[in-house]
Amino acid sequence: MTDNHTAGPFIAAIDQGTTSSRCIVFDRDGRIVSVDQKEHEQIFPKPGWVEHDAAEIWTNVQEVVAGALSKAGITKEDVKALGITNQRETTVLWDKNTGEPVHNALVWQDTRTDALCKELGRNVGQDRFRRETGLPLASYFAGPKIRWVLDNVEGLRERAEAGEILFGTMDSWVIWNLTGGPNGGVHVTDVTNASRTLLMNLQTLDWDQRILTSMEIPAAVLPQIRSSAEVYGHAKGALEGVPVASALGDQQAALFGQTCFSKGEAKSTYGTGTFLLLNTGETPVNSYNGLLTTVGYRIGDQAPVYALEGSIAVTGSLVQWMRDQMGLIKSAAEIETLASSVEDNGGAYFVPAFSGLFAPYWRSDARGVIAGLTRYVTKAHIARAVLEATAWQTREIVDAMNKDSGVELTALKVDGGMTSNNLLMQTIADVLDAPVVRPMVAETTCLGAAYAAGLAVGFWRDTDELRANWRRAAEWTPRMDAATRDREYKSWLKAVERTMGWIEEEH
């Protein structure tokens, strides 16, 4: 039940994430009233392939929405709007008439389109579509994934060209199903998710016809691109009549939830992977240092706000790997205890390039390496190296952002599951030589989707009112001396070099 000082109305947000789906109900102060969450299966058909069952995900979404409302002791009448945030780039194609997915969803981590991306790069390489899209040609993005499914499911291309097949990232899949599915479901996406497909032009905020032709993707499968905060349609079923009023890719939602509304404000979300976004204002900033240029958010018909993004593929999932594959810890929380039992890393550096290196390198030929091993190194040193890996990778991205934008990072707002690890947060402050700040509500991804939906229906007046809601819970300030920082950074960069060129080019 709700605590007695929390009276409605409320905003609900669905977070369709990489490992689970959840629904959170928020009150007017941006406080959490209830949460329900459910994991879904991770499917690994071959090395480097990662899939989800989109039908299972939709079932789970319906369950967590019902669960969150029932835990809050409220009904759909108390919910003024519903916001959506989602794992980005994960790609699903489905039959418009039956609502059945035609293939498992291809997850953002999936690298099966590596060879296709090389082929699409022609003689230009990774930068072929960068000017229009702000993105390198990499297996990470949705466009090449669409092409793969069209090429590999029997008869699908013909059906797609005939207008029988719909493509969506998970926001589109959830919104289409929420608003009726085969019976009048709305087929839309927002600018943030569209900016992750490699198919949207950053200037026009529309699908780029030239790129669609190059990638051989029929326009008929694509959703309509809308802003991040507007009413797309109304829910059917359990939430009958509730406005579906926001969609933001998870990292942009966190930027929004952290109220990084001014140019130069940045947040980093430490989850499965880690994503650092810097608000660059109303102009897209091209990156020459391996970052992505992306849409930060767009409220209704206001000007879009752009961001620079740096992504690290493996952070929280490295801790999971230590737990599940290596059996060195029994729970994720245990890593902090283990790492704290030693003073330093014992000379060991762990670069978790499990699916290649992401920003600022974009090397899909890299694989994970533990460097500097001697007989002195214990599992506690490895645990410490695991946490340091996240910190050093953060540092590399902040350096690249400074170079691209000319903006010095004054403080880093952090969120995500790993922020409960105090040793990690201190280490990040140390290697960045900047304060690290965590807000009261750590669930900033869901909060951002709720904020955007609330703005769309007038539940909150404007971004100033949202800013007033932001409250600091904890702050870590740097304690490391410059000489140590520089020496350690140099060793880290040496370890990174050792990961490259592991995978030979296949011809």
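How many residues does helix 14 have, and how far does it reach from its first C-alpha to its last? In this predicted model, helix 14 covers residues 444-456, which makes 13 residues, and spans 18 Å between those end C-alphas. That is close to the 18 Å expected at 1.5 Å a residue.

Helix 14 is also mostly covered, with twelve of its 13 residues buried. Among them are Thr-444, Thr-445, Cys-446, Leu-447 and Tyr-451, plus the glycines Gly-448 and Gly-454. After the helix comes Gly-458, with a positive phi near 80 degrees.

Thr-444 turns up again as a contact of Gln-258. Gln-258 sits in the loop between helix 9 (250-257) and strand 15 (266-270). Is Gln-258 buried or exposed? With a relative accessible area of 0%, Gln-258 is under the 20% cut-off and therefore counts as buried. Leaving aside neighbours within four places in sequence, Gln-258 is in contact with Lys-267, Lys-413, Val-414, Asp-415, Pro-439, Thr-444 and Trp-470.

Now for the nonpolar cores. The largest one has 110 residues, and the members that touch the most others are Tyr-140, Leu-199, Met-215, Leu-412 and Ile-428. Helix 12 gives the most to this core, with 13 residues. Take Ile-428: if you skip residues up to four places away in sequence, Ile-428 touches Tyr-270, Ala-391, Thr-394, Leu-412 and Val-436. There is also a second, separate core of 37 residues, including Ala-68, Ile-74, Leu-166 and Trp-173.

| Nonpolar core | Size | Some members |
|---|---|---|
| Largest | 110 residues | Tyr-140, Leu-199, Met-215 |
| Second, separate | 37 residues | Ala-68, Ile-74, Leu-166 |

Helix 13 supplies the largest share, five residues. Sorted by class, the lining has eight charged residues, along with four polar and four nonpolar ones.

Key: Residues numbered from 1 in each chain as written. Predicted model: local features only at pLDDT ≥ 70, side-chain atom pairs only at ≥ 80, totals over all residues. Heavy atoms only, no water. Helix = DSSP H or I, 4+ residues; strand = E, 2+ residues; numbered from the N terminus. Expected span 1.5 Å × (residues − 1). Buried < 20%, exposed > 50% of the residue type's maximum accessible area, 1.4 Å probe, protein only. Nonpolar A, V, L, I, M, F, W, Y, C, P; charged D, E, K, R; others polar. Core = buried A, V, L, I, M, F, W, Y, C linked by side-chain atoms within 4.5 Å. Contact = heavy atoms within 4.5 Å.
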